[in-house]
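Look at the structure below and keep it in view while reading.

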Amino acid sequence: MSSRISIWEAKNQLAFNEPLEPDDPLFVDTAKARGDFSRERLYRQLNVDKQGIAHKPPIKQYILLTGHRGCGKSTELRKMAKYLHHPDRYYVLRLDCLEKLDINNLKYSDVLLALAAALFARLEEEGGIEMEQVHLSRLENWFKERVEVHSQLKQFAAEVKAGAKAQAGLSWLSWLYGEATSKLGIDSSYREELRLVVRNNFSEFAEAFNQFIRASEDKIRAAGKGQRILFTVDGTDRLNSEDAHKFFVEDVHQLTQISGLFIYCTPIHLLHQDNCLSANFTGTVRLPMLKIRERDDQKVPKNYRVIQRLALLRVPEYLFDDITTLEYLIQYSGGHLRDLIRLLNIAVNMAEEERIDRIAAEKAVKQVANEYRRFINSADYARLVQIDLHPDAPDDFTDEQSAAMLYNLILLEYDNYFWKSHPVITTLPGYQKAYQQVIS
Amino acid sequence: MAEDKDWRPAAEHSGCLLRLQRLLERAQGFRLLILSHNRPKYRDNLIARLREAQPDSAVLDLRQLGSLAAFEDALAQQQVRQVHLLNLESLRKEQRQDFFKGLNYHREHIARTCGGFLLVWLPEHLIAKLAVEAADFWAWREQVFDFILPKEPEKRRYTSLVDTANLDRSAKQKRIHEIKEFLSNSSDQASLTNADLKEELGILFKSIGEYEQAEYMMKEAIKEYTELDEAESCAKTKFVLASLLTAKGDYEQAMKLLKEQILPVLRQLKKDVEEALAMGQVADILETRGKLDEALEIRKKKELPVYKRFGLERLKAFAMGKIADILVARGEFDKALRIWRQEGLPIYERLGDVREKAVTMGRIADVLQFRGQFDEALKIREQEELPVYERLGDIREQAVTKGKIADILWFCGHADEALRIREQEVLPVFEHLGDTQNLMFGRVNFAILLHDMDTIANRVKIDKLLRLALADAKRLKLPREIEWIESIMQKVAA
């Protein structure tokens, strides 16, 4: 029999800071608890059939993956990438902008250079794939003719060359673009100049990169490692309203000049603010909340069980006074995973003894509600009540106010497309007062 | 940044502070804590308190650092478990917006660099801005800890047991009625006012011998303080509850409450006087159980020095009186009398504490009675003690005193009057109060009187009284008393 863990050991398993890999012991597949959401829909968009075979995907496809902050996007993206990375399907290349780049004032040029660098590095590491010089020359020349000659980047080019182990071939290209990416990632004096060079010579870069992608896809297919390359870009959902608009709307034509298959993580509020998104992106996959309630607030027991399993993997049942205490916390999380983790964390902080009892759980709900209260005004309460009373018609309420509430997580979006207030908000006096006013 | 010598955290923050300290001590990995405050000095004292418990910590001040880059550089240089980030409010609006944006975008990097606790101290208005402008950073918060002080700091007046005990019976009843009426019309919402009143009501019920109602109200007050996160008030009410349990003879529960729930909290909150008082109560229980040396040690080393240090005369006199009690139990009567007469009575007289003066006089009378100085003892009982307890409506102390008067009358040959007092004026009161311990002693003493008068005629009554007393002694787990009662039973049987 495995030994019991303490409430504080359990707490250490309640971390926010890292998305889980699909093979992590704490990973629980939550897709089926998200209502009508299914990965298969995304796979179908990528022409992957039920047998898991990719059939002639389009040359160019840009898919947006979106969902509330903390609803499990990064974890879900990893899960999908793991499945899609297969000889019958795709050769998946993952870029986490938060790791590789400084997303403060992120530009499309930063992402595309980083994607190129990541592809070169992966192919170099990959055994059995050899890229002939003919496929490399255009990108080498672009760098030589556009970057090396630039007066303010000469010093940078010299530093890069001096540090390189090889001066030709894929490893040279990998080194060049890798160094350029790292200069973009840190606030170096070269950053703005490099961005300027890419912007002014972007078409040339895009053509060269497109050609390289085609060639490498042929090699990858021939080596039995995948049918096409699929790029997944995480971290771009972090962009604030202004930066996200620049990246996904204003610069979209440059961004989408690359002919390839891409999944970009996108902030949810952008979808409610920018109608032109659908014109430039081929599909949007929304990752909804875990659907623990229907629009009439009826519980969905089978989805409760999924989220309960996730919680119990971290905090075993013997650390609750009763399993109904966990159910209570799940109910007030609204199916928002990070808020469930937060409620559990705070309940541990509030627990008087070495287990979470109902009193601690109630205090945790009150605490989280108060934290949200800080940025809700009386107009928001009135709007939340109206939405809760008419959950079927979110379109009637789609405007900047609702977008802000979705962004701040006081309003949650569920699959089959309905909105509901975050359950903790309904405990606040402001909400209750607004509710009384509406129903009277 | 050192804590001011006389600084104490506000009572309303005590629960929050304790939880924060426990979290800092026990949790692992990166944890982002947001702490709201509105007084820099108060914040600095809180930080000093936290750092005292965990020196492996650092303070980063944005007044000096000025930018996110400088903050990140400084953070990278710290190899500590606890980093306090201060004075974000000192940045200009644009700087602050950049800082928030940077926190949001560099969240993962900051978490990795920090590795432990990052405590961000913010005024309330900036918390909402952080939540919106650095929404992803905010999303990783563990909890917001609230250390906001009221705009007009107002010291809450704690209900004092002495204030209540010195009221006479009709005043107590009036006050009980007043509080009950107020509570019945107030909302169910937890509030400090209601909790304070429930505690006072508990104390009032205790003072008039309604122990069950007293216990219920004290528990209600504790529940409400807990809900309001008032750890300090909660500990204080638990302390009053422990004294009630002691009075009821439930020593085990009282001791458990003191050791597990009261003393650790008072220690953590650095409430030295309250801790000394709670230790005094531990000594009371030890003394009752015959552990005189341990009790004396506590009085001398844990109580008295604290009262002396804070110049608390009444408490010092009280502790001295308790030391005298132990001396009496050891047979050192003269020393005890000297303490009461020179270090107790003058102080209570000066302070106008009629109850403690009566209690001290009663102790002096105990010694006189034991020495056979019955006239002097009776005079004190009838003139200095009984009228005071009657005026205060303290029926328990009246009954105790009447029992002692009955003993004197017995020794002086007034057996019938002594029996009448015991049977009609003492035992019914203890029964009504549910005061198990006094009821046990009362029954044994009454049985002894009956035995001395006529064992054969009173046989059935004596047996019943002693059986009931023995059952109570066993329930109270008092070995000396059990032995004592069993020996009396054997004597009676012989």
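Two strands pair if DSSP finds at least two bridges between them. Helices (H or I, at least four residues) and strands (E, at least two) are themselves DSSP runs, numbered from the N terminus. This is a predicted model, in which local features need pLDDT of at least 70, side-chain atom pairs count only at pLDDT 80 or more, and totals for chains, interfaces and linings use all residues. Residues are numbered from 1 along each chain as its sequence is written, while chains are lettered from A and ligands numbered from 1 in the order in which they are written.

In chain B, strand E1 (residues 31-37) and E5(B) run parallel, joined by 6 bridges. Within E5(B), B:Phe147 is the residue opposite B:His37. A residue is buried if 20 or more other C-beta atoms, placed from the backbone, lie within 10 Å of its own. Strand E5 (residues 141-147) of chain B is largely enclosed by the rest of the structure, because 6 of its 7 residues are buried.

Chain A contains 21 helices and 7 strands. It has 440 residues, of which 46% count as buried. Two residues are in contact if their C-beta atoms, placed from the backbone, lie within 7 Å. Among contacts in chain A with a separation of 6 or more, 75% are between residues 24 or more positions apart.

Where chains A and B touch, 25 residues from chain A and 25 residues from chain B take part. On the side of chain A, at least two residues each come from helix H1 (7-11), helix H17 (337-350) and helix H18 (358-373). H17(A) gives the largest share, 5 residues.

Definitions and conventions: A residue is buried if 20 or more other C-beta atoms lie within 10 Å of its own, exposed if 12 or fewer, and partly exposed in between; C-beta atoms are placed from the backbone.
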